[in-house]
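Please look over the sequence and the model shown below before reading on. The paragraphs after it are meant to be read with the structure in view.

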Amino acid sequence: MRKRRRMDELESYVEEEIPHLRRFARSLCGSADEGDDLVQDALERAWRKRHSWRREGSVRGWLFRILYRVFLNSRRKTRPVLSEIDTEAMADPAHETLAPQDARLTADDLARGLETLPDDQRAAVLLIALEGVSYDEAASVLDVPIGTLRSRLFRGREALRQTMDDEERMPSRVRLRRVK
């Protein structure tokens, strides 16, 4: 009876994490279809390995770790072109301080910048900035020491800053001014 209750509890925890898994997977893969396939594969693996979940650990961290491992295992030697990063999922209207048009342009620039990052840096940036997990949990998910995580995060953020600065300086890109 106790084991059944534990499985029911795990099932409800997993259901709560599916939106977070989908957002992380879609951002890692660059497309909704590939991200959904990745989540499906990760959930199947999690269900097969459900006995390995320890109640003292975070279900989100455990699931992110499984999803990231499935992602790494599925990667081929050549990195596919990321064409469909879900910029809607990256934008949180509750924290938006830009006008909707400016926010959309910024999200598009950010998505292009994320495409250029190596997988390890992109995963670190997405876990910390998009999913809001702690540094300790992100290091655990990525199975790296916290110093390595901080280094990847720093390099990823710097590359994104450089990309965003370059996007603003591009003459072919015309930005409209807001007139009051």
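What follows is a walk through the helices, the charged pairs and the loops.

This is a predicted model, in which local features need pLDDT of at least 70 and side-chain atom pairs count only at pLDDT 80 or more, while totals for chains, interfaces and linings use all residues. Residues are numbered from 1 along each chain as its sequence is written, and side-chain values use heavy atoms, with hydrogens and water left out.

The protein contains 8 helices and 0 strands, helices (H or I, at least four residues) and strands (E, at least two) being DSSP runs numbered from the N terminus. Read from the N terminus on, the order of elements is therefore α-α-α-α-α-α-α-α. Of its 180 residues, 38% count as buried, where buried means under 20% relative accessible area, exposed means over 50%, and partly exposed lies in between (1.4 Å probe, protein chains only).

Side chains of opposite charge can pair when their charged atoms come close. The structure holds 8 salt bridges, each defined as a side-chain nitrogen of Lys or Arg within 4 Å of a carboxyl oxygen of Asp or Glu. One of them joins Arg23 to Glu131, with the closest N and O atoms 2.9 Å apart. This pair links distant parts of the chain, since Arg23 lies in helix α1 (residues 2-29) and Glu131 in the loop between α6 (119-130) and α7 (135-142), 108 residues apart. Arg23 counts as partly exposed at 24% relative accessibility, whereas Glu131, at 6%, counts as buried.

Arg23 also takes part in a contact through its backbone: the side chain of Ser27 reaches the backbone oxygen of Arg23 at 3.0 Å, which falls under the definition of a polar contact (a pair of N or O atoms within 3.5 Å; within protein, one must be able to donate a hydrogen and the other to accept it, and residues adjacent in sequence count only if both atoms are side-chain atoms). Ser27 is found in helix α1 and, at 1% relative accessibility, counts as buried. Elsewhere, Arg22, Arg26 and Asp36 are linked in a network of salt bridges.

Helix α6 is mostly covered, with 10 of its 12 residues buried, among them Gln121, Ala123, Val125, Leu127 and Leu130. Within this helix, the side chains of Asp119 and Arg122 meet in a salt bridge at 2.8 Å, N to O, and the two residues are 3 residues apart, about one turn of the helix. Both partners count as buried, Asp119 at 17% relative accessibility and Arg122 at 0%. A further salt bridge runs from Asp120 to Arg152, the closest N and O atoms being 3.4 Å apart; this pair links distant parts of the chain, with Asp120 in helix α6 and Arg152 in helix α8 (residues 146-169), 32 residues apart. Here Asp120 counts as partly exposed at 23% relative accessibility, while Arg152, at 16%, counts as buried.

The stretches on either side of α6 can be read next. Pro118 lies in the loop between α5 (100-116) and α6, where it counts as partly exposed at 36% relative accessibility. The C-alpha atoms of Pro118 and Gly156 are separated by 8.3 Å, although the two residues are 38 residues apart along the chain. Just after α6, Gly132 takes a positive phi of about 70°.

In α7, the buried residues include Glu137, Ala138 and Leu142. Just after that helix, Asp143 takes a positive phi of about 60°, a positive value in a residue other than glycine. Most residues other than glycine have a negative phi, and most peptide bonds are trans. Asp143 is placed in the loop between α7 and α8 and counts as exposed at 57% relative accessibility.

Glu44 lies in helix α2 (residues 32-48) and is partly exposed, with a relative accessible area of 38%.
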